Amino acid sequence: MSAAGPSPWQAVIAAPGFRLGVRCDEVALHGIVFLPPGPVQAPGNALAAAAARQLAAYLADPEYAFALPLLPLGTPFQRRVWQRIAAIPVHQTRSYGDIARDLGSAARAVGQACGRNPYPVVVPCHRVLAAAYGLGGFARQRDGHLLDVKRWLLAHEAR
């Protein structure tokens with residue numbers, strides 16, 4: 001244990017220009033959070049180890065298909081948005097408006113649901129873009145480091 005107390009993560013994985021913090025128990029993934037560059041943390045349980053392996057596999061190969069048990073979170077609408085996002089194939093994007101039309105909703109509501117996605121990368125919200133397929137926001141941010149992460153993820157999948 002550090003002087004700052006126990007880590008809130010069960011694993012921290014290095015990525016190009018950022019890290020991924022994994023929260024889970026032995027049964028389900030509770031969330032993934034983008035972190036700034038810094039130290040990694042070895043997995044603290046078997047599911048964290050599986051998540052770390054799978055995230056590393058995706059970082060090496062954007063076509064990697066995740067198979068992680070996700071804790072069911074969010075409202076029914078958010079879960080419908082996240083299901084649509086999860087169905088976007090690698091190398092493709094959709095707009096907030098596209099998903100909103102599919103769900104009979106508004107683009108802003110879809111954007112808010114994307115911003116609350118607890119499983120970024122696994123549920124690839126980076127594949128959802130603004131009108132006219134502009135970058136839009138990412139993880140409830142409109143600028144800064146997280147948009148750089150979104151750019152990297154999209155470029156990684158464009159290879």
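Q: Before we talk about helices crossing, what are the axes fitted to, and how do the angles run?
A: Axes are lines fitted to C-alpha atoms, for helices over the stretch in contact, and the angles run from 0 to 180 degrees between N-to-C directions.

Q: And what kind of model is this, and how are residues numbered?
A: This is a predicted model, in which local features need pLDDT of at least 70 and side-chain atom pairs count only at pLDDT 80 or more, whereas totals for chains, interfaces and linings use all residues. Residues are numbered from 1 along each chain as its sequence is written, and side-chain values use heavy atoms, with hydrogens and water left out.

Q: OK, how many helices and strands does the protein have?
A: There are five helices and five strands in the protein, where helices (H or I, at least four residues) and strands (E, at least two) are DSSP runs numbered from the N terminus. Read from that terminus, the elements follow the order β-β-β-α-α-β-α-α-β-α.

Q: Which helix does helix 1 cross, and at what angle?
A: The axis of helix 1 comes within 9 Å of that of helix 5 (residues 145–158), and the two cross at roughly 65°. Helix 1 and helix 5 are therefore roughly perpendicular to each other, a label that covers angles of 65 to 115 degrees, while under 35 counts as roughly parallel, over 145 as roughly antiparallel and the rest as oblique.

Q: Which residues make the contact?
A: On the side of helix 1 they are Tyr58, Leu59 and Ala60, and on the side of helix 5 they are Trp152, Leu153, His156 and Glu157, with contact meaning heavy atoms within 4.5 Å.

Q: Switching to the sheet: what is the order of its strands?
A: The order is 1-2-3 in an open sheet of three strands with antiparallel pairing, and two strands pair if DSSP finds at least two bridges between them. Strand 1 (11–15) and strand 3 (29–35) are the edge strands, since each pairs on one side only. On average, neighbouring strands of this sheet are turned by 20° against each other, direction ignored.

Q: What packs on the sheet?
A: Helix 1 (residues 46–60) does, touching strand 1, strand 2 and strand 3, and the direction of helix 1 makes about 10° with that of strand 1.

Q: How many bridges join strand 1 to strand 2?
A: Five bridges join strand 1 to strand 2 (residues 18–24), and the two run antiparallel; Ile13 has Leu20 as its bridge partner, and Ala15 stands opposite Phe18. The two strands form a hairpin with two residues between them, and Gly17 in the turn has a positive phi of about 85°.

Q: How many aromatic pairs does the structure hold?
A: It holds four, a pair being rings of Phe, Tyr and Trp (its six-membered ring) with centres within 6.5 Å, and planes under 30 degrees apart count as stacked, over 60 as edge-to-face and the rest as tilted. One of them is the edge-to-face pair of Phe18 and Phe34, at 5.8 Å centre to centre with 65° between the planes. Phe18 lies in strand 2 and Phe34 in strand 3, so this pair ties together parts that are 16 residues apart in sequence.

Q: What about Tyr64, which residue does it form an aromatic pair with?
A: Tyr64 forms an edge-to-face pair with Phe66, at 5.7 Å centre to centre and 85° between the planes. At 30% relative accessibility, Tyr64 counts as partly exposed.

Q: Back to phi: is Val121, which has a positive value, buried or exposed?
A: Val121 is buried, with a relative accessible area of 4%, and its phi is about 80° although it is not a glycine; it lies in the loop between helix 4 (107–115) and strand 5 (128–129).

Q: Where is His91, then?
A: His91 is in the loop between helix 2 (76–86) and strand 4 (94–95). His91 is not a glycine either, yet has a positive phi of about 75°, and at 41% relative accessibility it counts as partly exposed.

Q: Last one: what do the buried residues of helix 4 pack against?
A: They pack against helix 2, helix 3 (96–103) and strand 5, and the buried residues in helix 4 include Val110, Ala113, Cys114 and Gly115.

Conventions
Buried < 20%, exposed > 50% of the residue type's maximum accessible area, 1.4 Å probe, protein only.
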